[in-house]
Amino acid sequence: MHQLALHLGEDAELTREEFFEHAMKAATGYNHTVAGSAAEVADFLEEEFEATGSRGGFMIAHPQASPRDLLNVVDFLVPELQRRGRFRTEYTGTTLMENLAA
């Protein structure tokens, strides 16, 4: 509620339907959804990665739609990012800690 009030302004008035639309978007992350082909999503991720100074990496939340969407990330997006050199193709460490620190 606080974020919505900040976003809309203190004098904003909403209908019940508008309020529920905002709530649904906030609850589902719909307003942060990126959709498209593997190449299109990879383009978007690369642009964001470069715009933030190449810090960090990619954080992908579990898709809301279906379990198949998560498999699409693994089956299509990850290989596309690997082809571009943006996602590792193997792990060099012998322990989880070594691989997480890399």
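Mentor: Start with helix axes: they are lines fitted to C-alpha atoms, over the stretch in contact, and angles run from 0 to 180 degrees between N-to-C directions. Helices themselves (H or I, at least four residues) are DSSP runs, numbered from the N terminus. This is a predicted model, where local features need pLDDT of at least 70, side-chain atom pairs count only at pLDDT 80 or more, and totals for chains, interfaces and linings use all residues. Residues are numbered from 1 along each chain as its sequence is written, and side-chain values use heavy atoms, with hydrogens and water left out.

Trainee: How do the axes of H3 and H4 cross?

Mentor: Two packed helices are described by the angle between their axes and the distance between the axes. Here the axes of H3 and helix H4 (residues 67-83) come within 9 Å. They cross at roughly 55°.

Trainee: Which residues make the contact?

Mentor: Contact means heavy atoms within 4.5 Å. H3 brings Ala-38, Ala-39, Val-41, Ala-42 and Leu-45. H4 brings Phe-76, Leu-77, Glu-80 and Leu-81. Sorted by type, the residues of this contact are 8 nonpolar, no polar and 1 charged. In that sorting Ala, Val, Leu, Ile, Met, Phe, Trp, Tyr, Cys and Pro count as nonpolar, Asp, Glu, Lys and Arg as charged, and the others, Gly among them, as polar.

Trainee: Is Phe-49 buried or exposed?

Mentor: Buried means under 20% relative accessible area, exposed over 50%, partly exposed in between (1.4 Å probe, protein chains only). Phe-49 sits in helix H3 (residues 38-51). Its relative accessible area is 15%, so Phe-49 is buried. Phe-49 and Arg-86 are 37 residues apart in sequence, and 9.7 Å apart in space, C-alpha to C-alpha.

Trainee: What about Ala-26 and Tyr-30?

Mentor: Ala-26 lies in helix H2 (residues 16-28). At 62%, Ala-26 is exposed. Tyr-30 is in the loop between H2 and H3. At 56%, Tyr-30 also counts as exposed. The C-alpha atoms of Tyr-30 and Tyr-91 are separated by 33 Å.

Trainee: Which residues does Asn-99 touch?

Mentor: Asn-99 belongs to helix H5 (residues 96-101). With 12% relative accessibility, Asn-99 is buried. Leaving aside neighbours within four places in sequence, Asn-99 is in contact with Arg-88, Tyr-91, Thr-92 and Gly-93.

Trainee: How many aromatic pairs are there?

Mentor: Rings of Phe, Tyr and Trp (its six-membered ring) pair if their centres lie within 6.5 Å; planes under 30 degrees apart are stacked, over 60 edge-to-face, the rest tilted. The count is 1 aromatic pair. Phe-19 and Phe-20 form it, edge-to-face, at 5.7 Å centre to centre with 70° between the planes. Phe-19 is partly exposed, at 30%.

Key: Helices (H or I, at least four residues) and strands (E, at least two) are DSSP runs, numbered from the N terminus.
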